[in-house]
Amino acid sequence: MAANKPLLRVLNGEALSTTPVWLMRQAGRYLTEYKQTRLKARSFLDLCYNPKLAAEVTLQPIRRFHFDAAIIFSDILVVPDAFGQKVDFESGEGPRLQPIIGADDLKALRETIDLDHLSPVFEAIQLVKQALPAKTALIGFCGAPWTVASYMIAGRGTPDQAPARLFAYRNPDIFAALIERLIEGSVVYLSRQIEAGADCIQIFDSWAGALAPAEFERWALDPVRRIIAALRIRHPRTKIIAFPRGAGLALAGYAAQTGTDALGLDTSVDPASAAAVIPSNVVLQGNLDPLALIAGGEPLGEAVAKIQAGFRGRPHIFNLGHGILPETPLDNVEALLALLRPEA
Ligand code: CP3
């Protein structure tokens with residue numbers, strides 16, 4: 001059954017003539033129906049922890065656009081929340097956490113992740129799984145340890161994650177201990193998502209590109225390698241997509257050393273160049289500029305054609321190079337799908 005889902009066929013190494021497509025952040029504020037449902041929850045985190053509402057917003061983009069995959073509606077910052085670090089989302093301002101400043105703050109957190117706290121996510125996965133069309137894959141996810149830790153240290157979004165980068169230089173032992181907990185927590189969290197019904201997994205390392213090379217290796221690449229190795233033991237058949245945004249020249253080595261099945265490419269990567277240097281057994285996903293999708297028209301057509309040409313002949317999953325933006329016109333998403341599915 002699973003083998004009939006186009007996204008899983010590609011993740012298993014098939015190059016399909018009609019490329020499967022989903023969009024990062026496809027459930028979100030560009031959809032009027034999302035904004036409606038969002039009003040029913042007191043806060044963004046309440047929405048994430050309400051299985052019925054989370055399942056509903058996960059399904060909204062599938063009903064409207066028939067994407068090849070649904071991604072469970074949640075956030076990477078439910079993990080710090082489940083380690084006991086209080087997380088809030090202030091509307092329009094992004095996440096706020098009680099920042100980790102020293103060893104005492106780490107001691108105040110739980111040693112292990114509280115999976116009971118995350119049970120609404122697993123329930124939402126079960127609800128979505130029952131409701132999805134047979135051809136639609138369900139993606140589970142988490143943030144990579146480095147990206148999650150960067151928010152835990154800064155306590156908020158920053159332009160370049162300088163607080164966490166500096167913290168890691170000054171306090172490598174404390175930082176390593178935090179990363180260690182996040183590796184272990186991510187493995188059990190992802191395992192439970194798979195057991196609840198996730199067909200495959202994406203690991204978001206949105207801030208990988210902020211790290212200098214040696215730190216990239218230590219804090220971004222190696223933790224993801226270890227998560228993947230541990231997941232392979234528990235769930236050997238479940239395919240994994242890693243998204244090390246901004247990894248640039250490190251991409252090919254990252255793919256080889258982490259052992260990921262697929263690599264999500266960000267907007268900055270030239271498709272043909274990536275296809276030339278990344279080992280051919282690695283499936284590629286990406287990488288339309290979210291702003292080209294806002295622009296629509298000719299720039300959108302040209303950008304899509306370039307991506308299709310660059311990945312031709314290789315197993316490829318069409319996606320954006322980063323999350324869809326709230327300003328995106330719904331008609332442009334329709335136009336994108338018409339370009340990708342000419343016979344539909
Ligand atoms: O892709 C999907 O549709 C699934 C849901 C999803 C969300 N966040 C929902 C969300 C996923 C996969 C994420 C991942 C995530 N969250 C990342 C990694 C991917 C990336 O974009 O780089 C990061 C860094 C976060 C942390 C986060 N969550 C930030 C910095 C913010 C604030 C910025 C913003 O876009 O508002 C969020 C909030 C958030 N997560 C929203 C949504 C739909 C918007 C809040 C709202 O609707 O009120």
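**Entry 1: the model.** I reminded myself before starting that this is a predicted model.

Entry 2: Which pocket does the ligand sit in? I looked it up, and the ligand turns out to be in the largest pocket. I then checked which elements give two or more residues to the shell around the ligand, and got α2 (32-38) and β3 (94-97).

**Entry 3: the neighbours.** I found 22 residues around the ligand, and the closest are R25, Y34, D75, S206 and H322. Sorting the shell by class gave me 13 nonpolar, five polar and four charged residues.

Entry 4: I went through the ligand's oxygen atoms next. For S206, an N or O atom of the side chain is 2.5 Å from a ligand oxygen. R25 uses its backbone instead: a polar backbone atom there is 2.7 Å from an oxygen of the ligand. With R29 I was back to a side chain, where a polar atom lies 2.8 Å from a ligand oxygen. How much of the ligand does the protein bury? Taken alone, the ligand exposes 870 Å², and the protein buries 87% of that.

**Entry 5: W219.** I moved on to W219, which I found in helix α11 (residues 213-234). Is W219 buried or exposed? Its relative accessibility is 5%, and buried means under 20%, so W219 counts as buried. Last, I compared W219 with I62: they are 157 residues apart along the chain, and their C-alpha atoms are separated by 35 Å.

Key. Residues numbered from 1 in each chain as written. Predicted model: local features only at pLDDT ≥ 70, side-chain atom pairs only at ≥ 80, totals over all residues. Heavy atoms only, no water. Near = heavy atom within 4 Å. Polar contact = N/O pair within 3.5 Å; in protein donor to acceptor, adjacent residues only side chain to side chain. Areas by Shrake-Rupley, 256 points an atom, 1.4 Å probe, with all protein chains shown as cover. 1 Å grid on protein atoms, 1.4 Å probe; cavity = no way out; pocket = protein on both sides within 12 Å on 5 of 7 lines; lining within 4 Å. Sits in = over half its atoms within 2 Å of the grid points. Helix = DSSP H or I, 4+ residues; strand = E, 2+ residues; numbered from the N terminus. Nonpolar A, V, L, I, M, F, W, Y, C, P; charged D, E, K, R; others polar. Buried < 20%, exposed > 50% of the residue type's maximum accessible area, 1.4 Å probe, protein only.
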